[in-house]
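Please open the structure in your viewer and keep the selection tool at hand.

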Amino acid sequence: MNGCFKIPAYPQAMESWWWQRSLNNWPEVSELRIMNHIRDEIVVQSDRFNKDRIFSPQSYSSRTLSILAYGNFFFPRTWLQNTLVLAEAIDLRGWEAPKKGSIRVLDLGAGSGPAGLAALRLLRERGIANRIELRAIDYSSKSLDQLKSIHAENGNLWPNTSLKTERFDLRKARPNTSSNSYDLVLMSSSLNEIAEGKDSRQMATSLAWISEGLKPGGFLIIVEPALKQACDRLHEASLGLGKASLHLHGPYFNGAPCPFVLSGAQYHSHEVRRRKPPAIVQRLNQPLGLSINDNKFGFILLSRKKPISFDQDPSVLRLVSPVIKKKGVYAFVGIGGDAKERNYEIQNRDLSAPEHRELIKALERGDVLRLGSWETYEEGRRVRIPHASAIEILWKPK
Ligand SMILES: C[S@@+](CC[C@H](N)C(=O)[O-])C[C@H]1O[C@@H](n2cnc3c(N)ncnc32)[C@H](O)[C@@H]1O
């Protein structure tokens, strides 16, 4: 399939590192008891993210147990999310490494570092050879200590990179960032905590000053949990960024904001990527039964440079629903190059070859397509795709 981009798997070395760290922490305790201990903490953290939503510097790091539970269970998930969004920035949205000199990456609310480290790994996997300087900021010094250890002990995953960590409370003040410094600024599942209790206008103000640190071609990548409130607030904040000369590059097209937020729809913008989690996550989850196969998250991509131009019509689209088969038709919802939501469908009988059916079944929420031909119905709300060969995949991770 054209437009399918290889996404590197979560490194086995990372999985082993976190588990070995856990075994080393309780050398006298059986593996089964360590598993159960960590499982109890996973439930606490999962409730904190999804229900209680009370955060403090102690939430992650007062106990080594919290860090190990996060590292074994949640770290691979945010690693994948950040890999996917950075890959989209590179493959589809026009982020480029500087022609010469170091790539500078700032990770805000870095924790033990999955976003920044995933970025180092992906840049190397994409064959980008510049030296990379990663600066990671968090108010949890224990998390940052883990990040330092991971970075130092797995140097073969990210050759020719350096790491600087800083303990800093991002709610209380701005960190010292000179303007035009960063190629990438990352905020992974941290904005909703740092901006807890703030409205989207206040959040927009924060994003405007964060973006001052970006080089003109740099990207601010914000990944958030797929909670409706978090995603809606993020997209609402993005509405007010024009004044700050910030352009929205994704998830949609031509700088257009999320139509769900504008219309007050019951849906919210988020990705769902079905990926088999690492073996340790599966083992830990066995008695817990948490949803681990669907990796769900929201994101926006911002830059001071103008977004790539796409046709402003139904022909370019991002899938915002799963593909459903009903009554001889494969159907899904897409947001078009003109930021309009439409129902797209292709008849089963038009999928003559097995590879065409495979193509449709492999589509996931978040994939970006271009249609060579299409017909609209119902005042443009429904789009019929005449044949699978009309579908060009612009961006799809594999
Ligand atoms: C859900 S964790 C995400 C960690 C990491 N970025 C990831 O993707 O897994 C949120 C992080 O934000 C940090 N954080 C929350 N509020 C903060 C603040 N006011 N200042 C600095 N860091 C903060 C927490 O310490 C924690 O490491």
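The model is predicted: local features need pLDDT of at least 70 and side-chain atom pairs count only at pLDDT 80 or more, while totals for chains, interfaces and linings use all residues. Residues are numbered from 1 along each chain as its sequence is written.

Is α5 mostly covered or uncovered? It is mostly covered, with 10 of its 12 residues buried; a residue is buried if 20 or more other C-beta atoms, placed from the backbone, lie within 10 Å of its own C-beta atom, exposed if 12 or fewer do, and partly exposed in between. Among the buried residues are Pro114, Leu117 and Arg121. Next, display α4 (64–91) and α6 (141–153), which are included in what covers them. After α5, select Gly127, whose phi is positive, near 80 degrees.

Now turn to the ligand. Both α5 and α7 supply at least two residues each of its shell, and the shell divides into 8 nonpolar, 8 polar and 4 charged residues.

Finally, select Ala195, in the loop between α7 (191–194) and α8 (200–211). Ala195 counts as buried because 22 C-beta neighbours lie inside 10 Å.

Note on methods
Helices (H or I, at least four residues) and strands (E, at least two) are DSSP runs, numbered from the N terminus. Ala, Val, Leu, Ile, Met, Phe, Trp, Tyr, Cys and Pro count as nonpolar, Asp, Glu, Lys and Arg as charged, and the others, Gly among them, as polar. Two residues are in contact if their C-beta atoms, placed from the backbone, lie within 7 Å.
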